[in-house]
Amino acid sequence: MNEEVRGILVGHGKLADGMLDAVAGITGSREGLTPVDNASMTPEALEEHVESLAGDGPSVVFVDLPSGSCAFAARRLKCRHPRIAVVCGVNLPLLLDFVFHRTLPLEEIVERLRSHVGVSIEYTTDADSSVPGR
Amino acid sequence: MPILLCRVDDRLIHGQVVVGWGAQLGLDLIAVIDDELSGSEWEQDLYRAGLPDEVEALFPSVEGALELIPGWASNAARGFILARDIATMRRLAEHGALADIEVNLGGLHSAPGRQRVLPYLFFSDEDRAELRRLKRAGVNVSAQDVPSARRIGLDELLEMKAG
């Protein structure tokens with residue numbers, strides 16, 4: 001069996017805690033995902049904290065905002081650790097896909113996550129609505 | 001180039017700057033003035049990769065910035081200046097580069113030797129000394145993390161109890 005991939009969820013405010021709550025509400029488990037918020041931390045401290053959570057094992061660092069401090073810390077970390085993948089713009093479908101496939105090799109997980117680009121966000125206009133009577 | 005924000009923030013380019021202030025004031029160009037970053041191309045690429053396509057980033061050293069800043073007057077781009085510490089702003093001020101520009105303290109976070117003044121500002125004794133030097137150089141300084149927050153002037157800030 002493959003080594004399980006760790007997920008580290010880094011976000012602004014209570015986003016990481018909240019998303020993990022949502023994952024647990026749906027799957028019944030918080031296993032494999034660690035939430036981190038960036039409050040009061042210098043960029044160096046945030047990077048060190050995420051690095052300590054990632055350890056030597058394969059990890060995916062999920063972050064919220066591509067131009068945010070969480071994303072920059074994760075990208076810097078990735079430069080030093082080939083077994084870390086970084087995903088910006090995290091959303092719930094993406095996280096759920098991850099927690100159900102953590103036993104796959106990191107490369108396969110990354111491919112799965114890549115397939116969400118342009119898919120897990122939908123835009124629905126009034127004209128698209130098929131609800132009868134509207 | 002109109003300097004819309006001249007900010008001390010140890011996170012440099014990040015969400016509050018690009019999205020918070022950028023969306024409010026409009027933003028075409030960010031000049032990150034930092035001696036260390038100016039010599040590190042991979043770190044510059046890393047920051048550029050996180051920016052919206054329409055925002056340009058420059059990474060001059062203090063010396064490089066002193067040459068660039070006079071030319072910005074004739075540039076129409078809406079610009080932000082960022083530095084990771086107060087000393088960088090003080091060096092710019094001592095060379096007259098911050099005339100009529102207010103320095104915004106937007107983020108100096110928890111670190112050994114620093115005490116909390118505001119949720120986003122932690123000062124060491126040296127930070128306080130640098131702030132007084134900035135004041136002596138004739139620069140207006142205030143603290144404000146996001147556009148909707150209260151702007152706090154330097155005198156009030158230095159009187160706030162650290163804890």
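In what order do the strands of the open sheet in chain B lie, and what is the pairing?

Modeller: This is a predicted model, in which local features need pLDDT of at least 70 and side-chain atom pairs count only at pLDDT 80 or more, while totals for chains, interfaces and linings use all residues. Residues are numbered from 1 along each chain as its sequence is written, and chains are lettered from A and ligands numbered from 1 in the order in which they are written.

The sheet in chain B is open and has 7 strands in the order 3-2-4-1-5-8-9, with mixed pairing. Strands here are DSSP runs of E with at least two residues, helices are runs of H or I with at least four, and both are numbered from the N terminus. Two strands pair if DSSP finds at least two bridges between them. Strand 3 and strand 9 (152-153) of chain B are the edge strands, each pairing on one side only. In general, strands of a sheet pair through backbone hydrogen bonds, either parallel or antiparallel.

Strand 4 of chain B (residues 79-83) runs parallel to strand 1 (residues 3-9) of chain B, and 5 bridges join the two. Among the bridge partners, Ile3(B) goes with Gly79(B) and Cys6(B) with Ile81(B). Strand 2 (residues 29-32) of chain B is also parallel to strand 4 of chain B, joined to it by 4 bridges.

Strand 4 of chain B is mostly covered, with 5 of its 5 residues buried. A residue is buried if 20 or more other C-beta atoms lie within 10 Å of its own, exposed if 12 or fewer, and partly exposed in between, with C-beta atoms placed from the backbone. Both faces of this strand are covered: Phe80(B) and Leu82(B) are buried on one side, and Gly79(B), Ile81(B) and Ala83(B) on the other.

Two loop residues of chain B have a positive phi. Leu12(B), in the loop between strand 1 and helix 1 of chain B, has phi near 50° although it is not glycine. Leu12(B) counts as buried because it has 23 C-beta neighbours inside 10 Å. Asp100(B) has phi near 65°, again in a residue other than glycine, and lies in the loop between helix 5 (86-94) and strand 5 (103-107) of chain B. Asp100(B) has 8 C-beta neighbours inside 10 Å and therefore counts as exposed. Glu94(B) is part of helix 5 of chain B, and with 14 C-beta neighbours inside 10 Å it counts as partly exposed.

Neighbours within four places in sequence aside, Leu51(B) is in contact with Ile13(B), Val18(B), Ala57(B) and, in chain A, Ser67(A). Contact between two residues means that their C-beta atoms, placed from the backbone, lie within 7 Å.

Between the chains, 15 residues of chain A and 17 residues of chain B take part in the contact. Helix 1 (15-25) and helix 3 of chain B each supply at least two residues of the side of chain B that touches chain A.

Helix 3 (residues 69-80) of chain A and helix 3 of chain B have axes that come within 10 Å and cross at roughly 140°. Axes are lines fitted to C-alpha atoms, for helices over the stretch in contact, and angles run from 0 to 180 degrees between N-to-C directions. The two helices are therefore oblique to each other; angles under 35 degrees count as roughly parallel, over 145 as roughly antiparallel, 65 to 115 as roughly perpendicular and the rest as oblique. Phe72(A), Arg75(A), Arg76(A) and Cys79(A) of helix 3 of chain A make this contact with Trp42(B), Leu46(B) and Tyr47(B) of helix 3 of chain B.
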